[in-house]
Amino acid sequence: MVSSSILVSTILLVFFSSTIFCSEQRNVTALLHDCYEKQIQMEFFASNVYLTFAHRLAYDGVYHGFADFFFESAEEEREHGKKFLDFHNVRNHVSHLRDITISEELASVTTVNEMLRKAKTLEDDVFNNMRTLHGYAVEAGHSETVHFIEKVTLEEQTIAVKQMHDLVKRLDHNNNSPILLQMMDQDLRKKKVKQP
């Protein structure tokens, strides 16, 4: 009698724990999917912001080096977004690209200093979401997503973050000097910005 109640308890325990595990697994997978879509949105959002900055600088006609830098950064972010989309599509996942709207605050940024600071924040946000995405992929056991992030996108994003941090650091160390901005612009024109 005792052994049959232990058997029933064991069966119930196995059944409910596997049900709870499956439920938790579905939640992690849903979080992974949501975070993945957020990453795609963030990449294309950053691209649009950088395009806005580049066009503003090109229109003003003073900082051609920074304009080219932001044009290249916009293209790089668009390529990152496309890589994530392609990776998702190959695995038969539908991605829902939502409206990518740039706030009035970002659209009205006019100084190079402020553009670089906003870009640094954007790069940090994209990088942090990628780390969250990586964590969900590890937790959900999605080894191909873990591999994709570690081997394809993480290094590129790390370099972009480092480059933005270095540019802002140069500004801060020289008290946002207009002469320094001209020198940095000349460096960017000559493609002499140090690549980390």
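Me: Which residues does Gln 157 touch, not counting residues up to four places away in sequence?
Reply: This is a predicted model, in which local features need pLDDT of at least 70 and side-chain atom pairs count only at pLDDT 80 or more, whereas totals for chains, interfaces and linings use all residues. Residues are numbered from 1 along each chain as its sequence is written, and side-chain values use heavy atoms, with hydrogens and water left out. With contact taken as heavy atoms within 4.5 Å, and with residues up to four places away in sequence left out, Gln 157 touches Glu 43, Glu 77, His 80, Glu 123, Val 126, Phe 127 and Met 130.

Me: With which side chain does that of Gln 157 make a polar contact?
Reply: A polar contact is a pair of N or O atoms within 3.5 Å; within protein, one must be able to donate a hydrogen and the other to accept it, and residues adjacent in sequence count only if both atoms are side-chain atoms. At 2.6 Å, the partner of the Gln 157 side chain is the side chain of Glu 123.

Me: Is Gln 157 buried or exposed?
Reply: Gln 157 is found in helix H5, residues 143–173, where helices (H or I, at least four residues) and strands (E, at least two) are DSSP runs numbered from the N terminus. Buried means under 20% relative accessible area, exposed over 50%, and partly exposed in between, with a 1.4 Å probe and protein chains only. Because its relative accessible area is 0%, Gln 157 is buried.

Me: What is the largest C-alpha distance among the residues of the UniProt "binding site" annotation?
Reply: According to the unreviewed UniProt entry, this annotation covers Glu 43, Glu 77, His 80, Glu 123 and Gln 157; UniProt positions are given in the numbering used here, feature names are shortened, and annotations may be inferred rather than shown by experiment. Although these residues are spread over 115 residues of sequence, they cluster in space, and their largest C-alpha distance is 12.2 Å.

Me: In which helix does Glu 43 lie?
Reply: Glu 43 counts as buried because its relative accessibility is 0%. Its contacts, not counting residues up to four places away in sequence, include Glu 77, His 80 and Gln 157. The helix in which Glu 43 lies spans residues 2–60 and is H1.

Me: What distance separates the C-alpha atoms of Leu 32 and Thr 145?
Reply: Leu 32 has its place in helix H1 and counts as buried because its relative accessibility is 6%. Not counting residues up to four places away in sequence, Leu 32 touches Leu 133, Tyr 136, Ala 137, Ala 140 and His 142. Leu 32 and Thr 145 are 113 residues apart along the chain, and their C-alpha atoms are separated by 9.7 Å.

Me: Which residue has its backbone nitrogen 2.8 Å from a polar atom of the Asp 185 side chain?
Reply: Asp 185 belongs to helix H6, residues 178–189, and counts as buried because its relative accessibility is 0%. The backbone nitrogen that lies 2.8 Å from a polar atom of the side chain of Asp 185 is that of Gly 65.
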